[in-house]
Amino acid sequence: MFKIAEKTELNQISLTGVRGIVLVGLLIMQPRSLEEIRKAFIELNIMEDENSDDILRIDLNTLKIMGCEISRASAKTNFKYVIGNHPFAFKIEDDEITLLKKAYNQAKSHADLAGIISYDDLFKKIASRVCEEDKKEALLGISVLKRYDTQIIKDLMLDCSQGRTLNLVYKKPSSNVEENKEIVAQKLVFQHDKIYLYGYDLEKKDSVVLLVNRIKSIISRKLEKTEFEQHFTKVRFVLENADFSELQDGEVILSNNENSYVVEGNYHNDFLAMQRILSFGTKCIVTEPAAFKEAIVTKLKEMRESYGN
């Protein structure tokens, strides 16, 4: 923050005006008591030690005349002045928030996780400049990360980029029981408005996928690389009446004819492979491995029985 060395440096600038500008900034940052305002003014050399607090009250009233809503310092506000609406606040209408939400819903389907975090940061930044609580909440509610701790996500992105081993506490979706896991962080994936951590479970010696919002805490991180032998699920299948846009990372076309492709996919584990194959519906026929093909048939029979009942 600036500090005025000599009063003569102000020239044509009113010292009262400078205090008014500084006071708005102080109250926007956080509520302040009269003593906190006085201390800040003295440190900035825009008020003398011997000046009365009446000067501060005049400055506060001047801001009110300019259109600032400033609550009285009382026990309810911990004897601090709180600024509400003011002429410098960001104005946004309900229809503009609706438009933002529509644009976001379109954009997020094509965005990577870094982009999703950038959108979340943007909404938080806009909301911080809006005074109306209902509009602030509406802006914060647009982001799919509204219930996430974005700092944990940013930390996990760094963990994945460096292949760190994490000792974490995870709440199982099936039972809500918390358990400790030692996971080699490999990749964060944003899918269906959820964030997943792909990793390798050193205790189970298998690839795992964890819901990030169920990671309760990260106890420790190992910076050195952990050696392990990872197994991926490889599936070969025929995809009929589809186009290249339906394929994702880890899937390659081995051959094609007029109406179909032979595709080979490498998936993080059996569960993700199963989900992926079923997502194609009747357009997909698994050819190998035989054990996975049989697992698909069993799954389809179970689904049929469930619908039949």
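Contact here means heavy atoms within 4.5 Å. This is a predicted model, in which local features need pLDDT of at least 70 and side-chain atom pairs count only at pLDDT 80 or more, while totals for chains, interfaces and linings use all residues. Residues are numbered from 1 along each chain as its sequence is written, and side-chain values use heavy atoms, with hydrogens and water left out.

**Arg19**
- Arg19 sits in helix H1 (residues 15-29); helices (H or I, at least four residues) and strands (E, at least two) are DSSP runs numbered from the N terminus.
- Arg19 has a relative accessible area of 10% and is therefore buried (buried: under 20% relative accessible area, 1.4 Å probe, protein chains only).
- Neighbours within four places in sequence aside, Arg19 is in contact with Phe41, Ile46, Ile55 and Asp59.

**Nonpolar cores**
- A nonpolar core is a set of buried Ala, Val, Leu, Ile, Met, Phe, Trp, Tyr and Cys residues joined through side-chain atoms within 4.5 Å.
- The largest has 36 residues, and those touching the most other members are Leu139, Leu145, Ile153, Leu188, Ile195, Leu197 and Val212.
- Elements that each supply at least two residues of this core include helix H4 (94-108), helix H5 (113-128) and strand E2 (178-191).
- H5 gives the most to this core, six residues.
- Among the residues that Leu188 touches, not counting those up to four places away in sequence, are Leu113, Ile153, Cys160 and Val212.
- A second, separate core of 20 residues includes Leu26, Leu27, Met47 and Leu56.

**Cysteines**
- The structure holds zero disulfides (pairs of cysteine sulfur atoms within 2.5 Å).
- Cys160 counts as buried because its relative accessibility is 12%.
- Cys284 is buried, at 11% relative accessible area.

Note on methods: Buried < 20%, exposed > 50% of the residue type's maximum accessible area, 1.4 Å probe, protein only.
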